Each structure stands twice: as C-alpha cells, then as structure tokens.
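Please look over the chain shown here, with attention to its helices and charged side chains. The paragraphs that follow go through them in turn.

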Amino acid sequence: MSNLVSFEQHNACAAAIDIGSKKIFVSCDGITVKSYDTFTFSYRKCIEDLRSQQVKNVCMEATGVYWIALHELLEQAGFCVCLVNPKEVKQVKGRKTDVADACWMQKMFSAGLVRQSYIPAGRLKELRMLMREREDIISMGSSYVNKMQKALELMNIKLTEVISQITGVSGIRMIEAILRGERDGKVLLSLCHKSIKDKKADEVLMALEGNYNESWLFLLEQNLKLWKIHEQQILIVDQRMEVLLSFLEQGSSFVAPVHKEKPVRHHKPMIKDLNQKLLNIYGVDAGCLPGVTNYSMLKLLGETGTDLSRFPTEKHYVSWCGLSPGHNQSGSRSRKAKMKNSSRVGQIFREIAQSLLNSKHIAIGTFIRRIRTRKGPAIAIKAGARKIAIAFYNLLTKGTAYLEQGAAKYEQQLKQREQQYLLKLATKHNLKLVEI
C-alpha cells in the first residue's frame, strides 16, 4: 500500500486502530501493523507501545460497541482520539483484511481526510447513554402494551377503540378491576376520568361487554405486570438523570423562564424542576421553538450538548443532522433516492415536525402541509424538521429567539408571493390583471 498511495501529511505522530471483537490491529506508519488481544491488559500494552513510538493522535473506527472501552482508556492516557464512521473509510475496493484497513485508515487520518464523530465528554456522555437506555426500555415496554391490547381484543373488549390509550390512568384502573373479577360495566365506568364519563360513557359500556376468558385474562395480567416493571425501571433511570442534570447545572447562572412550559403527553420524565434545570444548562429559553418540549430538549442535550460552535454555519449543522435537501441529479435527470434516517438528532427533529403536522396556528405546520401536497409526507416532515433544526442552532449559537408569525400570516405571505408572480407573468406577456 505504501507503493500505491502517498498523501500529504496533516496529522503528525498519528496511528490508526482497526477494532474487532477478538483482535485490534494498530498501524503507526501506514505500512507495518501490530495486533493485540481485546483484553484490558492487552489494551494497556497497546497504549504503552503507542507512547514509546511518540504517537499523539489516534484514529479508530466506531465498530459496534467494541470501540468504547478502548476509547475511554486512550482518552484517560492523554491521547487525542478521532472516532470515525466506518462507512467513510471503506469506500475504496480491494481491501479485504483488517491489516489493510488499519494501514489505509492511518494514511487517510495522517492526510486529514477523515471526519471526527462527536462524542460528548464527562457527564454528557453518561446522560446520552441513559437517554438511549430510557428509549430502549420504552420500546421494550410497548411490546407488552401490544400484547395487552391483543388479549383484550381476543375477549372482544374494545377499550382500544374508545379511549386514546389503555395505559392511561382510566385504562389501567379498568384493567386492574377486571383482573380482580369486576364485570359490571357501570362500576368500571365509574373508575374513568370525568371527561370520559361525560363524553364516552355509552361507548365505554358497550366496549366492556366482552367474552371474558380465564386464559386471556391470565395473559393480560402477566403482560400488565411486565409493563409495570418497565415503567418502574424508567423511574429509576429518571432519578439517575436528575442527579446528572444537577451536576451539569452547577456553576450555571439562573435563567428566568420567558415562555410557558409545553406539556409532554407521552413518557414524561419524572424529574423535579426539569424546565428550570434545562434553562440553566442551556442558558436560553427554548420555549419559543414550535413543538419543542422539555423532553425533546433533554434528548437533544444528550445527543448534541450545549456547544454547537463546532459547526461553522447552520448548513453544517443541518447536514450533520441528515436534514439537508437531497441532490440526486445526474446530468439533466433527477434520480429517485431512498431517504436515510441515520442520525438520532435528525430523528428527534423529525418527531417534533411530525407533531406539528396537524397544527392550525403554527406557520411551520402550514408549511409542512403545503410541501406534503407536492412532495409527499416524508419529504415534508424532513423539510419542517430542517426549519426547526436551524431555529435551534440559531438560538444556541447566536441567541436569536424564534418568532412565531402564525399560520394566518404565513398564508398571507404565500398569497402575496403568488400575486407578485402572476403580475410578473402578466407584465411579461403584456396583459393586465383584473380583480373579480
């Protein structure tokens, strides 16, 4: 490989590590490669060898979860570690071995041709890990909710058709009463929230008239217990995150809230004074951003941190989020390309945009619906998420608050733009517009 490829050197004293489950392969010059086992003792021996060769910068691939332990040991030893996406260093054909990969990565890293992935430091790294664990627990718990719905459906109890969610307060109360042996619909209805009793009393009574079966009731009880275990684990994770937020909040100045706190409908974190903690950590009030709640700000804190200065412009940040418009043109033809949702941050902004899709008073919601009629829902949500990401970037880097103009004013601007376009066409063709 040294005879085939030669790059200009930008990173001196650099090494590259190709990581596997049993072996790691280290190259310090792009020619020779040394292998080590993946035990902690072997990692420490690798670090000693890197120091003996006066290596200061280390590049490594983000392979599964195998890189995390070595990455932490290298950082503790004082090395400047660059973590890269494997897709970016495996685009050249002909390299089929880990040895060749290590040599190739060392040459690319020395030439400054790889991009460093963002890895949060200190408490933020632990916060990101806990947030992802919380999302995994919610996802696993949802499977038991589906099984509870299946058990109810098999007994033809149509609660899922008349109430928004069976895991709400009213739904859980009725299910627990059914498992205790209660079959009177009026008694079960009395356990519901006042709004359900006022608006859906007759529907709930008809939905509770089912074919009760002991086997399905047993499965319903088991899945309810497992779902409650997952809910308890979420509370434990929330308690740990509350401690981490208290550490991150230390040394920050108090920021008074300017905007009203938005409600979190699903899976609200049980963290005391979460809104004030986030205000102090971020240093700005994100309540001006449409659709952004404390829960979404908490997830963004773990994924991006509070310092976005590593992105020179808003376009760099949007591109990193995977929300840039696709340009798939070859000559004069535009090719269809499949959208990739690889960025967790981009997915957070997509979820926020999805929540604005049916909003009647927010301008971005009107914008998403307008794009949806021409491009489809996927592109429309991506375009709306891009606008929210830009507003988030400007708020954190420049302190520029997002000003909501409202759907009515946005539609008025569209109308004026169309009228100006028609006037321009009429002038071009020597015609005159007449209002009806």
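In which helix is the place of Arg 128? Arg 128 sits in helix α4, which covers residues 123-154; helices here are DSSP runs of H or I with at least four residues, numbered from the N terminus. The model is predicted, so local features need pLDDT of at least 70 and side-chain atom pairs count only at pLDDT 80 or more, while totals for chains, interfaces and linings use all residues. Residues are numbered from 1 along each chain as its sequence is written, and side-chain values use heavy atoms, with hydrogens and water left out.

Arg 128 is buried but has no salt bridge. Buried means under 20% relative accessible area, exposed means over 50%, and partly exposed is in between, with a 1.4 Å probe and protein chains only. A salt bridge requires a side-chain nitrogen of Lys or Arg within 4 Å of a carboxyl oxygen of Asp or Glu. The nearest side chain of opposite charge to Arg 128 is Glu 303, 4.4 Å away; in this count Lys and Arg are positive, Asp and Glu are negative, and His and the chain ends are not counted. Leaving out residues up to four places away in sequence, Arg 128 touches Tyr 118, Ile 119, Pro 120, Gly 302 and Glu 303, where contact means heavy atoms within 4.5 Å.

By the salt-bridge rule the count comes to 13. One of these joins Lys 125 to Glu 75, with the closest N and O atoms 4.0 Å apart. This pair links distant parts of the chain, since Lys 125 is in helix α4 and Glu 75 is in helix α2 (residues 66-76), 50 residues apart. Lys 125 counts as partly exposed because its relative accessibility is 23%, and Glu 75 is partly exposed at 40%.

Lys 194 is exposed, with a relative accessible area of 56%, and Asp 198 is exposed at 53%.

What about a pair that is buried? Lys 277 forms a salt bridge with Glu 249, the closest N and O atoms being 3.5 Å apart. The pair links distant parts of the chain, with Lys 277 in helix α11 and Glu 249 in helix α10, 28 residues apart. Both residues are buried. Besides Lys 277, Glu 249 is in contact with Gln 276, Asn 280 and Ile 281, its neighbours within four places in sequence being left aside.

Helix α11 (residues 274-282) is mostly covered, with eight of its nine residues buried. The cover includes α10 (214-249), α12 (294-304) and α16. After α11 comes Gly 283, whose phi is positive, near 85°.

Helix α16 (residues 377-397) also packs with helix α14 (residues 344-355), at an angle of about 110° and with axes 8 Å apart. Axes are lines fitted to C-alpha atoms, for helices over the stretch in contact, and angles run from 0 to 180 degrees between N-to-C directions. The two helices are therefore roughly perpendicular, a term for angles of 65 to 115 degrees. Among the residues that meet are Phe 349 and Ile 352 in α14, and Ile 381 and Phe 392 in α16.

Technical notes: Parallel < 35°, antiparallel > 145°, perpendicular 65-115°, else oblique.
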